[in-house]
Amino acid sequence: MVDSVLRFVRVEAPTTVAEGESELSEISLSPNPARDEAMLHLPEGMAAEVVLYGVDGREIWRKEMRNTSNAIKLQGLPSGLYLLKVDTMKGVVWRRLVKR
């Protein structure tokens, strides 16, 4: 008999809008789904530590991003669902990214 362990990443959406959260809602990812590259768009002047995770919770890469448009290279990654954690001074935002 084989035992399997499942790891889950829980992503919760806020139910209220606090100061600074409207700016966080401007963080976007396109195109989504993407093939070789996606662009992470941050509001003007916002810096972020960005971490890409597989759905198994494994960290794939971590980068500092400071531009309004930031390329996320997806070459070499298998097709599937990924989670992007965007950690800013205003708070943390999670985005789903589909790789074709």
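**Entry 1**

I began with lysine 73, which forms a salt bridge with glutamate 37; the closest N and O atoms are 2.5 Å apart. I checked where the two partners sit. I noted that the model is predicted.

Next I looked up how open the two residues are. Lysine 73 has a relative accessible area of 42%, so I wrote it down as partly exposed. Glutamate 37 comes to 33% and also counts as partly exposed.

**Entry 1: the network**

Which residues are linked in a network of salt bridges? I found Glu49, Glu59 and Arg62. I took the links one by one.

Arginine 62 forms a salt bridge with glutamate 49, with 3.2 Å between the closest N and O atoms. This pair links distant parts of the chain: arginine 62 belongs to strand 4 (residues 59-65), glutamate 49 to strand 3 (residues 48-54), and they are 13 residues apart.

Then I turned to glutamate 59. Its side chain meets that of arginine 62 in a salt bridge, 2.7 Å from N to O. Arginine 62 has a part in both salt bridges.

Are these residues buried or exposed, or in between? I used the cut-offs: under 20% is buried, over 50% is exposed, and partly exposed lies in between. Arginine 62 has 42% relative accessibility, so it is partly exposed. Glutamate 59, at 37%, is partly exposed. Glutamate 49 has 25%, so it counts as partly exposed too.

I also looked up the total. How many salt bridges does the count come to? It comes to five.

I moved on to the backbone. A cis peptide bond joins serine 30 and proline 31, with omega at about -15°. Another cis peptide bond joins asparagine 32 and proline 33, where omega is about 15°.

Where is proline 31? I found it in the loop between strand 1 (28-30) and strand 2 (37-41). Proline 33 is also in the loop between strand 1 and strand 2.

**Entry 2: a nonpolar patch**

Last, I looked at the surface. Val55, Leu81 and Val98 form a nonpolar patch there. Together they have about 220 Å² of accessible area.

I followed up one member, valine 98. It lies in strand 7 (residues 91-99). Its relative accessible area is 35%, so valine 98 is partly exposed. A patch residue needs over 30%, and valine 98 has 35%.

Key
Residues numbered from 1 in each chain as written. Predicted model: local features only at pLDDT ≥ 70, side-chain atom pairs only at ≥ 80, totals over all residues. Heavy atoms only, no water. Helix = DSSP H or I, 4+ residues; strand = E, 2+ residues; numbered from the N terminus. Patch = residues over 30% accessible without salt bridge, like charges linked within 9 Å, V, L, I, M, F, W, Y side chains within 5 Å. Areas by Shrake-Rupley, 256 points an atom, 1.4 Å probe, with all protein chains shown as cover. Salt bridge = Lys/Arg side-chain N within 4 Å of Asp/Glu carboxyl O. Buried < 20%, exposed > 50% of the residue type's maximum accessible area, 1.4 Å probe, protein only.
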